[in-house]
Amino acid sequence: MTATLSTLSRTFVHQSVNSSAISQLSVISGEQEGTYDLLVIFNSNPDKVYHYAFEDDNAAVRWIDLLEDSEAREATSWGRELHRALKNGDLETLDN
(Lines give C-alpha, C1' and ligand atoms only; values in the text may rest on other atoms or scores of the structure.)
Protein backbone atom coordinates (compact mmCIF):
# COMPACT_ATOMS: atom_id res chain seq x y z
CA MET A 1 0.00 0.00 0.00
CA THR A 2 1.39 3.36 -0.95
CA ALA A 3 0.54 5.79 1.82
CA THR A 4 1.23 9.44 2.29
CA LEU A 5 2.68 10.77 5.53
CA SER A 6 -0.70 12.24 6.44
CA THR A 7 -2.37 8.85 5.92
CA LEU A 8 0.29 7.04 7.95
CA SER A 9 -0.13 9.41 10.88
CA ARG A 10 -3.90 8.71 10.86
CA THR A 11 -3.67 4.89 10.72
CA PHE A 12 -5.26 2.94 13.56
CA VAL A 13 -4.68 -0.54 12.15
CA HIS A 14 -3.22 -1.88 8.93
CA GLN A 15 -3.27 -5.60 8.09
CA SER A 16 -2.71 -7.94 5.21
CA VAL A 17 -5.62 -10.37 5.20
CA ASN A 18 -6.06 -13.93 3.96
CA SER A 19 -8.82 -13.37 1.44
CA SER A 20 -9.45 -14.35 -2.16
CA ALA A 21 -10.79 -10.84 -2.85
CA ILE A 22 -8.91 -8.47 -0.53
CA SER A 23 -5.18 -8.07 0.00
CA GLN A 24 -4.88 -5.33 2.64
CA LEU A 25 -7.13 -3.30 4.93
CA SER A 26 -6.42 -0.15 6.92
CA VAL A 27 -8.70 1.69 9.31
CA ILE A 28 -7.66 5.33 9.58
CA SER A 29 -9.09 8.43 11.19
CA GLY A 30 -11.28 10.35 8.78
CA GLU A 31 -10.75 13.86 7.47
CA GLN A 32 -13.13 15.16 10.14
CA GLU A 33 -12.17 14.62 13.75
CA GLY A 34 -13.91 11.67 15.35
CA THR A 35 -14.63 9.83 12.09
CA TYR A 36 -13.09 6.67 10.65
CA ASP A 37 -12.25 5.62 7.09
CA LEU A 38 -11.39 2.27 5.55
CA LEU A 39 -8.72 1.78 2.88
CA VAL A 40 -8.94 -1.43 0.85
CA ILE A 41 -6.57 -3.02 -1.66
CA PHE A 42 -8.15 -5.78 -3.73
CA ASN A 43 -6.14 -8.70 -5.09
CA SER A 44 -7.54 -8.02 -8.56
CA ASN A 45 -6.15 -4.45 -8.63
CA PRO A 46 -3.18 -4.21 -6.22
CA ASP A 47 -2.10 -0.78 -7.48
CA LYS A 48 -5.34 0.99 -6.49
CA VAL A 49 -6.47 1.94 -2.99
CA TYR A 50 -10.23 2.11 -2.48
CA HIS A 51 -11.42 4.61 0.12
CA TYR A 52 -14.57 4.25 2.20
CA ALA A 53 -15.95 6.22 5.14
CA PHE A 54 -17.52 4.45 8.12
CA GLU A 55 -20.99 5.85 8.72
CA ASP A 56 -21.15 4.23 12.15
CA ASP A 57 -18.36 4.47 14.74
CA ASN A 58 -19.42 1.12 16.22
CA ALA A 59 -18.81 -0.54 12.85
CA ALA A 60 -15.33 1.00 12.71
CA VAL A 61 -14.51 -0.24 16.20
CA ARG A 62 -15.75 -3.73 15.28
CA TRP A 63 -13.49 -3.78 12.18
CA ILE A 64 -10.52 -2.60 14.27
CA ASP A 65 -11.17 -5.36 16.81
CA LEU A 66 -11.43 -8.01 14.07
CA LEU A 67 -8.23 -6.82 12.38
CA GLU A 68 -6.25 -6.72 15.61
CA ASP A 69 -7.28 -10.24 16.70
CA SER A 70 -5.27 -12.72 14.59
CA GLU A 71 -7.74 -15.60 15.06
CA ALA A 72 -10.75 -13.44 14.18
CA ARG A 73 -8.86 -11.91 11.25
CA GLU A 74 -8.15 -15.38 9.80
CA ALA A 75 -11.74 -16.58 10.34
CA THR A 76 -13.38 -13.53 8.73
CA SER A 77 -14.56 -13.54 5.12
CA TRP A 78 -13.40 -10.01 4.29
CA GLY A 79 -15.08 -9.81 0.88
CA ARG A 80 -18.38 -10.79 2.46
CA GLU A 81 -17.83 -8.41 5.38
CA LEU A 82 -17.11 -5.50 3.03
CA HIS A 83 -20.17 -6.30 0.89
CA ARG A 84 -22.37 -6.52 4.01
CA ALA A 85 -21.09 -3.19 5.33
CA LEU A 86 -21.74 -1.46 1.99
CA LYS A 87 -25.21 -3.02 1.66
CA ASN A 88 -26.21 -2.10 5.24
CA GLY A 89 -24.95 1.48 4.97
CA ASP A 90 -22.06 1.07 7.44
CA LEU A 91 -19.66 2.28 4.71
CA GLU A 92 -19.91 5.03 2.11
CA THR A 93 -17.74 4.96 -1.00
CA LEU A 94 -15.40 7.94 -1.24
CA ASP A 95 -13.00 9.02 -4.02
CA ASN A 96 -12.37 5.67 -5.71
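Where does proline 46 lie? Proline 46 lies in the loop between E3 and E4, and the views below proceed from the overall fold to individual residues.

The structure is a predicted model, in which local features need pLDDT of at least 70, side-chain atom pairs count only at pLDDT 80 or more, and totals for chains, interfaces and linings use all residues. Residues are numbered from 1 along each chain as its sequence is written, and side-chain values use heavy atoms, with hydrogens and water left out.

**View 1. Overall arrangement of the protein.** The protein has four helices and five strands; helices (H or I, at least four residues) and strands (E, at least two) are DSSP runs, numbered from the N terminus. From the N terminus on, these elements follow the order α-β-β-β-β-α-α-α-β. Of the 96 residues of the protein, 40% count as buried; buried means under 20% relative accessible area, exposed over 50%, and partly exposed in between, for a 1.4 Å probe and protein chains only. Contact means heavy atoms within 4.5 Å. Among the contacts in the protein with a separation of 6 or more, 40% come from residues 24 or more positions apart.

**View 2. Strand E3 and its two covered faces.** Strand E3 comprises residues 36–42, and seven of its seven residues are buried, so the strand is largely enclosed by the rest of the structure. On one side lie Tyr36, Leu38, Val40 and Phe42, and on the other Asp37, Leu39 and Ile41; these residues are all buried, so that both faces of E3 are covered.

View 3. Two strands pair if DSSP finds at least two bridges between them. Strand E2 (residues 22–29) pairs with E3 in the antiparallel sense over seven bridges. Within this pairing, serine 29 stands opposite tyrosine 36, and valine 27 stands opposite leucine 38. The hairpin of E2 and E3 has six residues between the strands, and glycine 34 takes a positive phi near 85° there. Strand E2 is itself mostly covered, with six of its eight residues buried. E3 also runs antiparallel to strand E4 (residues 50–54), to which four bridges join it. In E4, tyrosine 52 is the bridge partner of leucine 38.

**View 4. Packing of helices H2 and H4.** Helix H2 (residues 57–68) and helix H4 (residues 78–87) pack at an angle of about 175°, with their axes 13 Å apart. H2 is therefore roughly antiparallel to H4. Axes are lines fitted to C-alpha atoms, for helices over the stretch in contact, and angles run from 0 to 180 degrees between N-to-C directions. Angles under 35 degrees count as roughly parallel, over 145 as roughly antiparallel, 65 to 115 as roughly perpendicular and the rest as oblique. On the H2 side, the contact of H2 with H4 is made by Arg62, Trp63, Leu66 and Leu67, and on the H4 side by Trp78, Glu81, Leu82, Arg84 and Ala85. By class, this contact has six nonpolar, no polar and three charged residues. Ala, Val, Leu, Ile, Met, Phe, Trp, Tyr, Cys and Pro count as nonpolar, Asp, Glu, Lys and Arg as charged, and the others, Gly among them, as polar.

View 5. Isoleucine 22 lies in strand E2 and is buried, because its relative accessible area is 0%. Leaving aside neighbours within four places in sequence, isoleucine 22 is in contact with Val17, Val40, Ile41, Phe42, Asn43, Trp78, Gly79 and Leu82. The C-alpha atoms of isoleucine 22 and leucine 82 are separated by 9.4 Å, although these residues are 60 residues apart along the chain. Glutamine 24 is also placed in strand E2 and counts as buried at 15% relative accessibility. The side chain of glutamine 24 makes a polar contact with the side chain of histidine 14 (3.0 Å). A polar contact is a pair of N or O atoms within 3.5 Å; within protein, one must be able to donate a hydrogen and the other to accept it, and residues adjacent in sequence count only if both atoms are side-chain atoms.

**View 6. Proline 46 and leucine 94.** Proline 46 counts as exposed, because its relative accessibility is 54%. The C-alpha atoms of proline 46 and serine 23, 23 residues apart along the chain, are separated by 7.6 Å. Leucine 94 is in the segment after strand E5 (91–93) and counts as partly exposed at 30% relative accessibility. Not counting residues up to four places away in sequence, leucine 94 touches Asp37, His51, Tyr52 and Ala53.
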